[in-house]
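Welcome to a short tour of a protein model. Have the sequence and the 3D view ready, and follow along topic by topic.

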Amino acid sequence: MSRFVVGITGASGTIYGIRALQVLSSIEGIEVHLVMTPGALRTMELETDHHAEDVRKLAHTVHDPANLAASISSGSFRTDGMLVAPCSVKSAAAIAYSLDDNLLVRAADVTLKERRRLVLMVRETPLHLGHLRTLTRLAEIGAVIVPPVPGFYNRPKTVEDVVDHSVGKALDALGVAHEAYSRWTGRA
């Protein structure tokens, strides 16, 4: 069995985290641990028709972001990686500098220190030099930065198609086999 942590921050785009949970929960043999910040809950309410209790049901275990003693706060709790979708710049900066003031940041820090895959769907634009330096630091210490930038070779017809492409790319970076989007097969 594979075990992944999914973190959802308060950045715009909570639908990315929700869709990632939907895809992961549909794959047999994957255990999902979820941590959502208070900002994520508020943004979800503002941007989507999803309800927190329904999103929580997509995970095997849901962790309180204030509980720094949760299982996912320790490197001895084995996981195959972590996805933060969306990842606010504030959370990215906290992760980059190990400012472990909540469980999401602590779990990401543990993922990095244990040399596991950490994929961050950083959701901000435009980026100033401080943001770029933070993202560079994250890449230097082992994080994979996968901003939700859709591809159009699969000719998306709906917002869901666009979301699926970005989530699919993040899951690819996490090492999860899935069928969330149509892959490029080349042209004759």
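Is Tyr153 buried, partly exposed or exposed? Tyr153 has a relative accessibility of 34%, so it counts as partly exposed. Keep in mind that this is a predicted model.

**An aromatic pair**
- One aromatic pair turns up in a search of the whole structure.
- Its members are Tyr153 and Trp184: the ring centres are 5.7 Å apart and the planes sit at 75°, so the pair is edge-to-face.
- The pair links distant parts of the chain, with the two residues 31 residues apart. Tyr153 belongs to the loop between strand S6 (143-145) and helix H7 (159-174), while Trp184 is in the segment after H7.

**Helix H5**
- Helix H5 covers residues 103-113 and is mostly covered, with nine of its eleven residues buried.
- Among the buried residues are Leu103, Leu104, Val105 and Leu112, and you will also find Asp109 and Thr111 in that group.
- Look at the start of H5: there, a side-chain oxygen of Asn102 comes to within 3.0 Å of the backbone nitrogen of Leu104.
- After H5 comes Arg115, which has a positive phi, near 60°.

**A nonpolar surface patch**
- Leu127, Leu129 and Leu132 make a nonpolar surface patch of about 250 Å².
- Leu127 is found in the loop between strand S5 (117-122) and helix H6 (129-140).
- With 35% relative accessibility, Leu127 counts as partly exposed.

Technical notes
Residues numbered from 1 in each chain as written. Predicted model: local features only at pLDDT ≥ 70, side-chain atom pairs only at ≥ 80, totals over all residues. Heavy atoms only, no water. Patch = residues over 30% accessible without salt bridge, like charges linked within 9 Å, V, L, I, M, F, W, Y side chains within 5 Å. Areas by Shrake-Rupley, 256 points an atom, 1.4 Å probe, with all protein chains shown as cover. Salt bridge = Lys/Arg side-chain N within 4 Å of Asp/Glu carboxyl O. Helix = DSSP H or I, 4+ residues; strand = E, 2+ residues; numbered from the N terminus. Buried < 20%, exposed > 50% of the residue type's maximum accessible area, 1.4 Å probe, protein only. Polar contact = N/O pair within 3.5 Å; in protein donor to acceptor, adjacent residues only side chain to side chain. Phe/Tyr/Trp six-rings, centres within 6.5 Å; stacked < 30°, edge-to-face > 60°.
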